[in-house]
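Hi,

Here is the structure I promised to pass on. My notes follow below it.

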Number of protein chains: 2
Amino acid sequence: MKKTINKKTLLYVHPVFIVGSYDDKGAPNIMAASWGGICCSQPPCVTVSLRKATHSYWNIMKNKAYTLNIPSASQVKEADYAGIYSGKDENKFESLGLTPVHSKIVNAPYVEEFPMNMICKVIHTYEIGLHTQFIGEVVESYASEEYLGENGLPDVARIDPFIYDSSSRGYFRVGEKILDAYSQTK
Amino acid sequence: MKKTINKKTLLYVHPVFIVGSYDDKGAPNIMAASWGGICCSQPPCVTVSLRKATHSYWNIMKNKAYTLNIPSASQVKEADYAGIYSGKDENKFESLGLTPVHSKIVNAPYVEEFPMNMICKVIHTYEIGLHTQFIGEVVESYASEEYLGENGLPDVARIDPFIYDSSSRGYFRVGEKILDAYSQTK
């Protein structure tokens, strides 16, 4: 029996990414965001949606650039903090002891200590309502070598990423593997 | 030491959703998709990106409507199958023994057997490259009662959703909780 639960965005398993940007004084900022994901394979593009109330929104509108940084479970406290406080009031890189690295390709900083970094150039902005969606073309990606598997690709077990559940407001680890994709052929 | 790993969409922890649509003969179709996520809280909106090579792309372009259905780990084989075969060649609801339910609000079917269903009206279409992004306003959401917690919200432990990792091409369960969100206040 199905029950109506209002008009809700129920999508389970939200990623947690840390969005990097520079403000109008050139100070680096990070914030945590869960509304987004991959939106195109070629060109490689990712999307993130932000409210105008955030410092990052205005930074990205000005620079047309941002980074998405993927933290490990061991860095979940830093990620949570970055989602609570505003770059209007403090430099969160300094508060958290993290290192901003200028991306060189676009005007945005990435987080040295986080396993993976995507450098994004904004190619489309769409105002939906409370949130504005930024589509960013991934112009470069970095990973720390210790997080790569033998095939040279990021290894989920080494990265140990985490998930956000907005119903219970909790962060969860990735659990056991249950199936190989593309295995259910006739 | 950071290593460049080409221009890649490295976003870890992809959701897996099953996209429901009707084709031009009125036949219901499902496909598995991982490129998407939540993109706005108010109005509630979700996004999914599809290639023109898919049957679903044309269905959604015609009807301006789709559903996103969230399967449980126990339904991972059905989800994988829905990502391999095309609705051009077969009715995947029939192949998998799943029940299409007409959403009434928009012209799209949802999957009765999957724990959660979002009924979406397309409000914006953006051609990025290989993928086209559809932004859908969630006009209704359904959940089976056995998946709701005591607060009336979907319960991640009962839903037992799964995650796709595109590097290893595997599906993973959600693991242990590591932190409460909004806990790292000063």
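**Salt bridges**

B:Glu127 is partly exposed, at 46% relative accessible area. B:Lys52 is partly exposed too, at 34%.

Keep in mind that this is a predicted model.

Over all chains, the search finds 12 salt bridges. One of them joins two chains, because B:Lys186 lies in the segment after β13 of chain B and A:Glu90 lies in the loop between α2 (76-84) and α3 (92-96) of chain A. The closest N and O atoms of that pair are 2.9 Å apart. Which end is buried, and which is exposed? B:Lys186 is exposed, at 69% relative accessibility. A:Glu90 is buried, at 13%.

Another bridge pairs A:Asp155 with A:Arg158, at 3.5 Å from N to O. A:Asp155 is partly exposed, with a relative accessible area of 23%. A:Arg158 is partly exposed as well, at 42%. There is also a network of salt bridges, which links A:Asp160, A:Arg173 and B:Glu176.

**The interface**

How much area do chain A and chain B bury between them? The figure is about 8,900 Å², with 66% of it on carbon and sulfur atoms. In chain A, the residues that lose the most area to chain B are A:Lys2, A:Leu11 and A:Ile38. Together they account for 10% of what that side buries.

Each chain puts 98 residues into the contact. Between the chains there are 4 salt bridges. There are also 38 residue pairs in polar contact, counting pairs with both residues at pLDDT 80 or more. On the side of chain A that touches chain B, strand β13 (residues 170-180) gives the most, with 11 residues. By class, that side has 53 nonpolar, 27 polar and 18 charged residues.

**Strands across the chains**

An open sheet of 6 strands spans both chains. The order is β2(A)-β12(A)-β13(A)-β13(B)-β12(B)-β2(B), and the pairing is antiparallel. The edge strands are β2 (14-15) of chain A and β2 (14-15) of chain B. Each of these pairs on one side only.

Within that sheet, strand β12 (residues 162-165) of chain B runs antiparallel to β13(B), joined by 4 bridges. B:Ile163 has B:Phe172 as its bridge partner in β13(B).

A further strand pair crosses between the chains. Strand β11 (residues 131-144) of chain A and strand β1 (residues 2-4) of chain B run antiparallel, with 3 bridges. There, A:Tyr142 has B:Thr4 as its bridge partner.

**Strands within chain A**

Strand β10 (residues 116-127) of chain A has two pairings to look at. With strand β7 (residues 65-70) of chain A, the pairing is antiparallel over 6 bridges. With β11(A), it is antiparallel over 11 bridges. β10(A) and β11(A) form a hairpin, with 3 residues between them.

A:Leu68 stands opposite A:Met118 in β10(A). In β11(A), A:Met118 has A:Ser141 as its bridge partner.

**Two buried residues**

A:Ser21 is in strand β3 (residues 17-22) of chain A. A:Ser21 counts as buried because its relative accessible area is 0%. Its side chain makes a polar contact of 3.0 Å with the side chain of A:Asn59. Beyond its neighbours within four places in sequence, A:Ser21 touches several residues, including A:Ala27, A:Pro28, A:Ile60 and A:Pro109.

B:Gly170 is in strand β13 (residues 170-180) of chain B. B:Gly170 is buried, again with a relative accessible area of 0%. Which residues is B:Gly170 in contact with, leaving aside neighbours within four places in sequence? From chain A they are A:Lys177, A:Leu179 and A:Ala181. From chain B they are B:Ile163, B:Tyr164 and B:Asp165. The C-alpha atoms of B:Gly170 and B:Asn69 are separated by 19 Å, and the two residues are 101 residues apart along the chain.

Best wishes

How values were computed: Residues are numbered from 1 along each chain as its sequence is written. Chains are lettered from A and ligands numbered from 1 in the order in which they are written. This is a predicted model: local features need pLDDT of at least 70, side-chain atom pairs count only at pLDDT 80 or more; totals for chains, interfaces and linings use all residues. Side-chain values use heavy atoms; hydrogens and water are left out. Buried means under 20% relative accessible area, exposed over 50%, partly exposed in between (1.4 Å probe, protein chains only). A polar contact is a pair of N or O atoms within 3.5 Å; within protein, one must be able to donate a hydrogen and the other to accept it, and residues adjacent in sequence count only if both atoms are side-chain atoms. Contact means heavy atoms within 4.5 Å. Buried area is the accessible area (1.4 Å probe) that two parts lose on being put together, summed over both. A salt bridge is a side-chain nitrogen of Lys or Arg within 4 Å of a carboxyl oxygen of Asp or Glu. Ala, Val, Leu, Ile, Met, Phe, Trp, Tyr, Cys and Pro count as nonpolar, Asp, Glu, Lys and Arg as charged, and the others, Gly among them, as polar. Two strands pair if DSSP finds at least two bridges between them.
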